[in-house]
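Dear colleague,

Please find below the structure that I am handing over to you.

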Amino acid sequence: MKEFIRINDSDNVAVALMPLSKDKTIDLGDIKVTLLQDIPQGHKFALAKIKSGDAIIKYGNQIGIAKEDIPMGSWVHTHNIGTALGELLEYKYNPVHASITGSEERFFDGFRRSDGKVGVRNEIWIVPTVGCMNSVAKEIERSAQHLVGGSLESIFAFNHPYGCSQMGDDQENTREILADLIRHPNAGGVLVLGLGCENSNIDVLKPYLGDYDDKRIKFLVGQNSEDEVEDALAILTDLAEYVKTFKREKCNASELIIGMKCGGSDGLSGITANPTVGGFSDILISKGGTTILTEVPEMFGAEQQLMNRCDNEELFDKTVCLINDFKNYFKAHNQTIYENPSPGNKAGGISTLEDKSNGCTQKSGSAPVKGVLKYAEPVHEKGLNLLSAPGNDLVASTALAASGAQIILFTTGRGTPFASPVPTVKISTNNTLYNKKKNWIDFNCGTIVETDTVSGLSEKLFEYVLEVASGKTVKSEDAGYHDLAIFKQGVTL
C-alpha cells in the first residue's frame, strides 16, 4: 500500500495516503524526511523547511502561505497555513491549446425523445409550480405507483418551496430551472401541477418551455379542479400509456451529458476520485460527449488554469465574469470570499480554499473549455463546459441536471445520501468510506492508494457510466431519493 504521495515534483508538501506515525522516516529518493508529528490520512507534511510567508506548493501550485516557520517533517494544516486569496483579480489569457484526440465510438441503451434528445431513464415527473402544492404532488405520487411497469421505470414528485413571493432574479431562477426540468429527456412524461394564484403559475411558466410535445407534457391547475388528485390520476393513466411506448435503443455515447460535482471532500479527493473523474471526462469527450463542471466558489485559486484552457478569448472573458460575478455575489452579501473550506473538509486534510480548489478542478481533466454557461442555461456546445452555480451540493447538482446532465458524478470523502433529479453516482475517495457506507457509495477510488491507477479507474468509471446510462440504478435511486434545490438569490449573476 502506498503510504504517501508527492503530487508534483515542485511540491514542498506531500500527502499521507494512510495515517503516518511520528518519527517515521519517509524516503523520497532525493530526500529523507522524519515526521515530527502523527500525520492523519489525507493531511500534508513538509518536505523542506518552509519559512513564514513562503508559499505552500501542492499540485505544482500555490495553495496558501506559511503563517509561521514550518520545520521539515511537520504537519502542515490550518494551524500554520493561511489563504493567499484576494478579492477581485486581474486575469490574463495565456492559452495552453489543450486538445483531446478522438477515440473509438461507444454506445449505450437510451430513450430517444420526439425532439431528438436522449434520456437515460423513462420516468414520469410531477413538477409543482409552487410549494403550496407539494403535499398534493406527493399524494399523487403515492397514488400513481400502480402505473409503473413495462418501460415506465418510476413516477415521482419534485417538491420545492418556491414559485411565489419571489422577486426579480430570484423568481427567474425558479421559472428557468422548472422549465429546464420539465424539458429534461430523462422524463418520458411530465405533469406540471399548478395552484392557480401563484406568481409562477402555469400560464406564466409556459413561455419558458418554448415549443413542447403536448403528448409528453400535461398541466393541471388545482384551483380549477374539484378533486385534483382524482383528475391528476386520470391524466397520469393516459400519460403512462404514452411513456410506455418508449423503448431503450442503441445510442451513441456522444449524446451523453455528464455533470461533475464534489462534496464532503477530504485530502484524498484531489488525488484519487477527482482525477479519476477528470480522466473519465477526457474519455467521454474523446468520443464526442459532453461534461459540465460547476461549483464556481470552489474554482477560486485554481481559476487561471481553467481560463488558460478556454478555446478562445471570448470564452476566457466569460470565465473571468463567471469567477468575478460570484465574488461580487459574496461581497454584496457581506461574506468573505474565501470563507471555505468547511469543517468536514478541514478534518479530512484540506487547509485552504486554494487547496480545495486545486483538488476540485481535477475533475475537469485536460480538455479545452468549449462552453461557459449561466445558471439554468442549457448546454449548447459538446465538450467541457463550465456552469455558474454555488458549491451547495443539492443546488449545484440540480443546476447540472437543469443544464442537461442525464447523470451526475459526485465525488466525496465524507459521504452523503442526497440525490438530484437525475441518477447521481457517489464516488468515494477512500476505502474507509466505501466499506462503511455501501448503501450510499456506488464506485470506489480509494484503491488508488493500493494498486489501481487513475487511468485504469477512469476507464472502469466510463464503463460503469455506460451501464448506468443503459438502466443500471445507483444507490440513491434504489433508496427512492430524488432531491431538487433552486439557487435563492437577490442579485444578478
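UniProt positions are given here in the numbering used for this structure, feature names are shortened, and annotations may be inferred rather than shown by experiment. Please also keep in mind that the model is predicted.

With that understood, the UniProt record, an unreviewed entry, places the feature "domain: SAF" at residues 11–82. In the model, this span is 0% helix and 38% strand, and its end C-alpha atoms lie 17 Å apart.

An open sheet of four strands, paired in the antiparallel sense, has the order β1-β2-β5-β8. Its edges are taken by β1 (4–5) and β8 (75–76); each has a single partner strand, so one side of each is left without a neighbour in the sheet. Strand β5, residues 44–46, runs antiparallel to β8 and is joined to it by two bridges. Within this pairing, lysine 44 has valine 76 of β8 as its bridge partner.

Strand β6 (residues 55–58) and strand β7 (residues 61–66) run antiparallel and are joined by four bridges, with alanine 55 standing opposite isoleucine 65 in β7. The two strands form a hairpin with two residues between them. In the turn, tyrosine 59 has a positive phi of about 60°. Strand β7 also pairs with strand β9 (residues 81–82), again in the antiparallel sense, over two bridges. Here alanine 66 is found opposite isoleucine 81 in β9.

The parallel sheet

Another open sheet consists of four strands in the order β13-β12-β14-β15, and its pairing is parallel. The edge strands are β13 (154–157) and β15 (217–221), each of which pairs on one side only. From one strand to the next, the twist averages 15°. Four bridges connect strand β12 (residues 123–128) to β13, and the two run parallel. Glutamate 123 stands opposite serine 154 in β13.

The largest pocket

By class, the lining residues divide into seven nonpolar, seven polar and six charged.

With kind regards

Terms used:
Residues are numbered from 1 along each chain as its sequence is written. This is a predicted model: local features need pLDDT of at least 70, side-chain atom pairs count only at pLDDT 80 or more; totals for chains, interfaces and linings use all residues. Side-chain values use heavy atoms; hydrogens and water are left out. Ala, Val, Leu, Ile, Met, Phe, Trp, Tyr, Cys and Pro count as nonpolar, Asp, Glu, Lys and Arg as charged, and the others, Gly among them, as polar. Two strands pair if DSSP finds at least two bridges between them. Axes are lines fitted to C-alpha atoms, for helices over the stretch in contact, and angles run from 0 to 180 degrees between N-to-C directions.
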